[in-house]
Amino acid sequence: MGVPGSGLAKGLAVTLRTMTRRAHTARYPDVQPELAPRTRGVIGLFEENCTVCMLCARECPDWCIYIDSHKETLPPAAPGGRERSRNVLDRFAIDFALCMYCGICVEVCPFDALFWSPEFEYAETDIRELTHERDRLREWMWTVPEPPALDPAAEEPKELTAARKTAEKAQQAQQAEKREAQE
Amino acid sequence: MSGDSVDVLLRLVAVFAGFLVLPLVIGQTEHKVMAHMQGRLGPMYAGGFHGWAQLVADGVKFAQKEDVVPADADRRIFQLAPAVALLPYLLVLVAIPVGPGGQVGRALDAGVFFALAVMGVGVLGSLMAGWASANKFSLLGGLRTAAQLLAYELPMLLAAASVAMAAGTVSLPGIVDAFHWWWVPWQLTGAVVFFTAGLAELQRPPFDMPVADSEIIFGAYTEYTGLRFAMFLLSEYAGIVVLCALTTVLFLGGWHGPFAGGWVWTLLKTMVLAFVVIWLRVSYPRLREDQLQKLAWTVLIPLALAQIALTGVVKVVIR
């Protein structure tokens with residue numbers, strides 16, 4: 001320790017130095033916080049992508065997702081074809097009083113209908129009002145940020161590869177058609 | 001005759017105003033200084049500008065709370081205790097000179113003894129509260145208070161006695177009148193002992209074992225609510241004012257300064273000392289009960305005695 005009392009002096013110096021520096025306090029209601037890109041604020045629903053497969057509702061650890069749907073029959077696409085049946089979403093609600101923000105529903109959704117939004121200011125005074133219906137979930141969808149960019153040397157996302165292949169095929173088909181027409 | 005009574009009245013009103021305002025100023029300073037020393041902002045909303053009215057808001061809150069007296073409590077003592085804790089500091093403040101030429105509530109010939117004796121009474125309030133609350137934590141806190149008072153009154157008295165020896169008087173204005181700048185290094189040990197012992201007597205951190213909230217809830221104040229609790233808190237801050245003012249008067253030369261200023265110097269020195277009180281609170285953890293006693297009996301009292309010896313020797317040499 002060296003000189004007796006140097007520890008005491010050091011303690012005083014630390015607090016005095018801290019006093020001269022800026023405070024770390026987050027002044028939240030006055031200043032909005034800067035959130036991390038993958039903040040788990042609330043879950044948004046992109047309902048066009050939802051096929052009512054119910055995977056999210058089944059995987060949810062505390063069963064806070066409510067889904068109602070009915071079946072509709074579509075006329076055959078081509079004459080003489082078979083009639084197709086399709087699920088139509090009637091109700092999609094998440095009880096955020098139960099939700100523990102594990103994100104399993106977002107992970108498990110095979111059709112990318114659920115997304116994390118950084119929005120977090122949805123406190124209610126009544127616990128029952130924390131069950132948010134599809135219109136509110138849809139509003140939150142528009143607050144979902146773009147996914148962070150990939151690393152420079154990362155592999156191309158599968159979606160892009162698939163889309164590019166389809167485009168190339170279509171182009172080749174077109175060119176083949178043109179050549180046939182010329183000949 | 002009537003001029004005299006107006007004069008007395010004015011002095012008392014001035015002392016009372018100081019007694020009401022200064023503790024609040026120190027309390028607010030503590031809020032902000034402690035916050036910034038911990039990298040926080042402290043109160044920011046009450047009153048609009050940087051939370052200047054936080055303590056006013058606290059006072060309003062305390063006034064609204066129910067005044068609870070425990071069923072088994074010694075009712076009258078319990079209710080009297082906060083006043084016993086608070087009033088002595090007002091009385092001491094009356095005797096503290098702030099400027100030259102009789103700028104004092106009431107000049108007393110035995111000012112030093114009056115101040116120290118009455119300050120000791122303030123501790124009695126905590127003791128009464130601890131005993132009367134019918135709560136084991138309160139009792140523990142009260143007994144710790146008593147032990148602390150016993151241990152720290154002695155070095156405090158010895159350190160003050162050293163100054164009284166140096167000045168050859170026990171009157172507070174007399175001591176400041178006799179002050180020379182070289183008294184500061186001469187009486188430095190005494191000043192440190194006096195200030196430290198005073199902190200312990202006020203139960204300020206790092207000597208806050210009697211209210212150690214992590215050990216005995218809130219010591220003697222555990223059962224108090226509302227305004228009575230607020231009075232205990234106020235007495236703590238009034239105690240800081242009194243201790244810092246006394247240290248200023250006894251050891252730092254009161255209204256003497258490098259250039260003319262009068263009572264402004266007293267106030268300035270008191271406020272700087274109050275800042276030190278807050279600074280110490282933020283910087284150091286609470287001592288253990290046995291460390292507290294050890295510090296008093298094995299460090300402060302020998303130091304105070306050494307200071308008295310030094311004062312005596314120098315006094316004889318310069319005569």
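The model is predicted: local features need pLDDT of at least 70, side-chain atom pairs count only at pLDDT 80 or more, and totals for chains, interfaces and linings use all residues. Residues are numbered from 1 along each chain as its sequence is written, while chains are lettered from A and ligands numbered from 1 in the order in which they are written.

**Chain A as a whole**

Select chain A. Along the principal axes, its C-alpha atoms fill a box of roughly 100 × 50 × 30 Å. The radius of gyration is 27 Å, whereas a compact globule of 183 residues would have one near 16 Å; this radius is taken over C-alpha atoms, and the globule rule is 2.2 Å times the number of residues to the power 0.38. Of the 183 residues, 10% count as buried (20 or more other C-beta atoms within 10 Å of the residue's own; 12 or fewer make it exposed, and values in between partly exposed, with C-beta atoms placed from the backbone).

Colour chain A by secondary structure next. Helices (H or I, at least four residues) and strands (E, at least two) are DSSP runs, numbered from the N terminus.

**The sheet of chain A**

Select β2, β3 and β5 of chain A, which form an open antiparallel sheet in the order β2-β3-β5; strands pair if DSSP finds at least two bridges between them. Because β2 (65-74) and β5 (131-132) of chain A each have a single partner strand, they stand at the edges, with one side of each left without a neighbour in the sheet. β2(A) and β3(A) are joined over 10 bridges, and A:Leu74 can be found opposite A:Arg84 in β3(A). Two bridges link β3 (residues 84-95) of chain A to β5(A), where A:His132 faces A:Ile94.

**Two loops with positive phi**

Centre on A:Tyr101, in the loop between β3 and α3 (104-108) of chain A. Its phi is positive, about 55°, although it is not a glycine, and A:Tyr101 is exposed, with 12 other C-beta atoms within 10 Å. Continue to A:Asp112, in the loop between α3 and β4 (114-117) of chain A. A:Asp112 also has a positive phi, near 55°, and is exposed, with 11 other C-beta atoms within 10 Å.

**The core and a cis bond**

Turn to B:Ile96, B:Ile175, B:Phe194, B:Ile240, B:Val241 and B:Val242, the residues with the most contacts inside the largest nonpolar core, of 95 residues. Such a core is a set of buried Ala, Val, Leu, Ile, Met, Phe, Trp, Tyr and Cys residues joined through C-beta atoms within 7 Å. Helix α10 (residues 226-251) of chain B gives the most to this core, with 18 residues.

Then select B:Pro206, in the loop between α8 (188-202) and α9 (213-216) of chain B. The peptide bond from B:Pro205 to B:Pro206 is cis, with omega near 5°.

**Where the chains meet**

Finally, show both chains: 11 residues of chain B are in contact with eight residues of chain A (C-beta atoms, placed from the backbone, within 7 Å). On the chain B side, α1 (2-37) and α11 (263-283) each supply at least two residues.

Technical notes. Two residues are in contact if their C-beta atoms, placed from the backbone, lie within 7 Å.
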